Amino acid sequence: MLVLFETPAGYAFFKLLDKKSIEKTDNLYKDFATPEQASKIVKLKHFESFANTAEALEATTAVLDGKLTKKLRKVLKKVLGDAQDELLVSDAKLGGAIKEKLNLSCVTNTAVSELMRCIRSQTDALLAETKKKDLSAMTLGLAHSLSRYKLKFSADKVDTMIVQAICLLDELDKELNNYIMRCREWYGWHFPELGKIITDNIAFVKVVKLIGTRENVKTSDLSDILPDDIEEQVKAAAEISMGTEIAEDDIINIQNLCDQVIEISAYRTELYDYLKARMMAIAPNLTILMGELIGARLISQSGSLLHLAKHPASTVQILGAEKALFSALKTKKDTPKYGLIYHSQIVAQSSAKNKGKASRMLAAKAALASRVDALGEGTSVDLGTEHRAKLEARLRLLEEGNLRRISGTAKAKAKFEKYHGKSEVKQYPSAADSTIGKRKFPLIEDVTPDAPKKKKLKTEDGEEVEIKQEDETDEQQTPAGEGSSKKKKKKKKSLSEEVAMDESATIEPQQEDGEGESPKKKKKNKKKVKEEPTE
């Protein structure tokens, strides 16, 4: 039974002297405590060294990929020959390749891995042919070459360039804002009106660099930078400016700052063009779907395009809003609906009520697009274009208020019906604002009849006498039809006769007896009139 052991210096083949030692994996490291004990278990049979570092790098990369190189095949045929011994291999993929190509039985398990670990601990003693210094030098050289090879052919190397570019672009924007703000404030002491007239920052910086002090505005030609109307406003404001006078040294320093701003803005434009080209080459579908800046920021936030492709759509939706998410979970409030994709065109052009739906749909399509860009072999942009068209159509339906009605069959076309909202304005009934409940019993005012009216009559002597008369409502009310009762008619007739008798009775005593007895009789008449209707 032979053991294949890979070293930076070459391939080493050890013969296993004690086969039972593999079964005792728990105490195997004790058998390799010293070189003498290790030599009793394994013995070096053959060592095939590498010619140079390039050959060592090729063999190492092949072992990592689980492939069988030509040199290893020759060595295996040379060492094993026609013998059918078992070969202990640390890598299962390499063992499968050897078994397939050379028809050799290979063993890979935990016991073999433990044996390899013990042999590695006593490599210097077991490999007597190679010196310790040479082995360490070859190990260092192979490590450097392997790292350089992985960096050169790394799948994430272009993602690193995108991450660095977008980070630098954001930092340039911050620096530009600081520089321009400082330039406006600095030059505002001399010519404060210029900052209000010119709103564009780059145009403001170019004008300051060209004119210097405000006295030179009359002789300066600003037609290349500003429109004609704004140029006239600047020249008119320079004549009546309220700014302070500054020295030549101050103007020189301000102009140097303007030069820095112009150079940084030019470099920012070049960097943006570079980022756009990189994004279209690496993630074309994601770029078409979300734009260069948002796609690059998503890649930067996740670390690489491959990591972004592994994220689900729900994670892509809130990517960049981790702080708000964890604070919402901690306080048991609503979680955020969007993160970096809030600034994308599709979410920005949607209304406030549809931003959540738009971000959810865009995140789902962005997850698909990133997986196609990261794991797909072609560079087609059909997926991104198709998904963007679908999102815009769906968002248009949501904005217009159309609701898709699901048809009964798949062949029938879906009809669209526009939803018309009712614009009814309801007013609040202010009369209903009362803390008093409904009355169970009517008030006294509602129960008591109205006071009797007074009627004036003239006597024979010409004096007027007031007589209280009941309301004539009962007299005016006529029966509604034939169904009226005869009792009501009799009551009405009796009332009218009694009232007539009372009137005649009140007139006669006034003429005979005078005013002395009239109040008593009036009171009696009142009682009679009031008591009779109650019956």
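1. Helices here are DSSP runs of H or I with at least four residues, and strands are E runs of at least two, numbered from the N terminus. Please keep in mind that this is a predicted model, with local features needing pLDDT of at least 70 and side-chain atom pairs counting only at pLDDT 80 or more, while totals for chains, interfaces and linings use all residues. Residues are numbered from 1 along each chain as its sequence is written, and side-chain values use heavy atoms, with hydrogens and water left out.

2. Helix 11 (residues 201-211) packs against helix 13 (residues 248-282) at an angle of about 140°, their axes 9 Å apart. Axes are lines fitted to C-alpha atoms over the stretch in contact, and angles run from 0 to 180 degrees between N-to-C directions. That angle makes helix 11 oblique to helix 13, since under 35 degrees counts as roughly parallel, over 145 as roughly antiparallel, 65 to 115 as roughly perpendicular and the rest as oblique. On helix 11, I202, V205, K206, V208 and K209 make the contact (heavy atoms within 4.5 Å); their partners on helix 13 include I254, C258 and I262.

3. The largest nonpolar core has 57 residues, of which Y187, L194 and M290 touch the most other members. Such a core is a set of buried Ala, Val, Leu, Ile, Met, Phe, Trp, Tyr and Cys residues joined through side-chain atoms within 4.5 Å. Helix 9 (residues 157-188) gives the largest share, 10 residues. Leaving aside neighbours within four places in sequence, Y187 is in contact with residues including L194, F204, V208 and I254. Another core, of 24 residues, lies apart from the largest one, with F50, A59, L104 and L142 among its members.

4. Helix 15 (residues 292-302) has E292, I294, G295, A296, L298, I299 and S302 as its buried residues; buried is under 20% relative accessible area, exposed over 50% and partly exposed in between, with a 1.4 Å probe and protein chains only. Just after helix 15, G303 takes a positive phi of about 110°.

5. N103 has a positive phi of about 60° in the loop between helix 5 (92-102) and strand 5 (106-107), and is exposed at 62% relative accessible area. K332 also has a positive phi of about 60°; its loop runs between helix 18 (322-331) and helix 19 (345-348), and K332 is exposed at 79%.
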